[in-house]
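Hello,

Here is the structure I promised to pass on to you. Please have a look at it first, and then read my notes below.

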Amino acid sequence: MRAPLRRLWLKVHRWIGLTLGPILALTALLGAVLVVALPLDRAAHPAFFVARSAGDATRVALPLEPLRQRLAAEFGPDANFTLRPPRKPTDTLWVMVRGKWEGTLYLDPATGAEQGRRGTHEGAYNVLFELHSSLLLDDTGKGVLAFVALAYLFLLVTGIVLWWPVRWPPSLRIVLNRGLLRGLFDLHRTGGAVLGLLIAVSVATGAYMAWRPLGNFISSAMGQQLIKPPVIAKGAASGPRLPLDELVARAQQAYPGQPIGYIQVPAKTSRPMRVRFRLSDDPHPNGIGSVWLNPVTGEVLAARKWQELDAGNGAVAVIYPLHTGELGGPLHEAVTALLGLALAGLGLSGVWLWWRRRTMAAAARDNDNRLSSGTTTP
């Protein structure tokens with residue numbers, strides 16, 4: 001590559017890395033930590049996750065409608081609730097509240113007794129997750145992270161262009177016995193080239209989830225019609241909502257015998273209630289296949305599996321577990337954590353290399369100036 005063109009690529013790579021690299025490094029490091037933080041959080045707070053009645057062989061599931069009424073009385077008529085039924089015999093029932101107070105309640109599924117609650121920004125795990133997913137800036141932070149993730153693709157391209165060897169096969173040797181600067185340079189250069197594409201998978205899937213309009217853009221680019229959630233027509237039957245247990249039972253008729261992932265209960269009866277199922281052919285750990293119902297009449301408005309969605313939105317079923325590592329089990333999770341650490345190392349080493357070389361260049365200029373002026377250091 002000609003020297004002027006190489007300098008241009010180097011500048012592009014350097015300044016994208018210096019401006020956005022620290023955010024990438026922080027997000028990647030948090031992602032790696034989250035892989036191990038979830039089991040640690042569960043071990044540290046057993047009252048949140050292990051039901052007190054877990055050892056009772058005679059316990060029965062709690063009716064949901066009295067629970068919904070109790071929640072509405074406590075949090076107000078404008079609060080939305082998402083229920084996560086137990087997935088193991090020992091699990092608690094989770095209720096995610098979105099209203100004046102936002103957070104999660106942990107209830108005994110047999111008695112409804114509250115075993116604990118935690119706000120969205122309370123607890124080390126929640127803070128780490130919010131930092132990783134939105135920088136604690138909600139939708140604004142998600143947009144920033146999506147932009148930063150896409151910028152990584154420019155870093156990857158420019159890095160590979162700068163690394164591209166004249167002769168093949170390339171040398172992947174990393175020299176560690178010639179000082180810290182040379183060792184970090186080799187690690188940054190070779191590590192970025194070798195692991196770049198694998199890291200790009202984690203970064204791209206993170207961008208996809210952070211900024212959901214990307215899914216709509218992909219479907220539109222493929223010429224597919226966007227499949228949106230159903231709505232309740234204006235002027236439809238109004239009145240008191242049906243008992244939550246009856247609505248859930250009607251949803252289960254669409255996918256009989258299938259476990260429920262989430263029950264999303266809207267505050268207003270003018271919005272559909274959604275029941276998400278963890279179908280056997282659904283790779284998403286929480287399930288994408290859903291049934292939407294009119295909470296007043298119980299009418300099933302739509303029932304869709306993840307394969308029946310447009311490509312951009314249906315892909316979430318694979319992209320989410322691919323990003324978290326759950327798609328391939330513990331081994332995949334370990335690889336995901338290592339890739340997060342690698343990306344954090346690339347970002348931090350790039351900043352350090354720039355600062356160190358800048359410091360060394362300034363020291364060399366000062367030394368040249370002293371020599372040219374005839375002064376020496378005493």
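What follows is a short tour of what was found in the model.

First, some ground rules. This is a predicted model, in which local features need pLDDT of at least 70 and side-chain atom pairs count only at pLDDT 80 or more, while totals for chains, interfaces and linings use all residues. Residues are numbered from 1 along each chain as its sequence is written, and side-chain values use heavy atoms, with hydrogens and water left out.

Let me begin with two helices. (Helices are DSSP runs of H or I with at least four residues, strands are runs of E with at least two, and both are numbered from the N terminus.) Two packed helices are described by the angle between their axes and the distance between the axes. Helix α4 (residues 124-134) packs against helix α5 (residues 138-163) at about 55 degrees, and their axes are 7 Å apart. That angle makes α4 oblique to α5. Here axes are lines fitted to C-alpha atoms, for helices over the stretch in contact, and angles run from 0 to 180 degrees between N-to-C directions. Angles under 35 degrees count as roughly parallel, over 145 as roughly antiparallel, 65 to 115 as roughly perpendicular, and the rest as oblique.

On the α4 side the contact (heavy atoms within 4.5 Å) involves H132, S133 and S134, which meet D138, G141, K142 and L145 of α5. Sorted by class, this contact has 1 nonpolar, 4 polar and 2 charged residues. For that sorting, Ala, Val, Leu, Ile, Met, Phe, Trp, Tyr, Cys and Pro are nonpolar, Asp, Glu, Lys and Arg are charged, and the others, Gly among them, are polar.

The loop between α4 and α5 is worth a look too. Most residues other than glycine have a negative phi. In this loop sits L135, whose phi is positive, near 55 degrees. L136 is found in the loop as well, and has a positive phi of about 65 degrees. L136 is partly exposed, with a relative accessible area of 40%. (Buried means under 20% relative accessible area, exposed over 50%, and partly exposed in between, with a 1.4 Å probe and protein chains only.)

Now to the rings. Rings of Phe, Tyr and Trp (its six-membered ring) pair if their centres lie within 6.5 Å; planes under 30 degrees apart are stacked, over 60 edge-to-face, and the rest tilted. By this rule there are 10 aromatic pairs. One of them joins F48 and F49 edge-to-face, at 6.2 Å centre to centre with 80 degrees between the planes. F48 is buried at 13% relative accessible area, and F49 is buried at 8%. Ring pairs link F48, F49, W94 and Y106 into a cluster.

W94 also has a charge over its ring: the charged end of R84 sits 4.0 Å from the ring centre. (This needs NZ of Lys or CZ of Arg within 6 Å of the ring centre and within 35 degrees of the ring normal.) Likewise, the charged end of R117 sits over the ring of W101, 5.5 Å from its centre.

S219 belongs to helix α7 (residues 213-221) and is buried, with a relative accessible area of 0%. Not counting residues up to four places away in sequence, S219 touches Q224, L226, D310, A311, G312 and N313. D186 lies in helix α6 (residues 180-210) and is buried at 7%.

Enjoy exploring!
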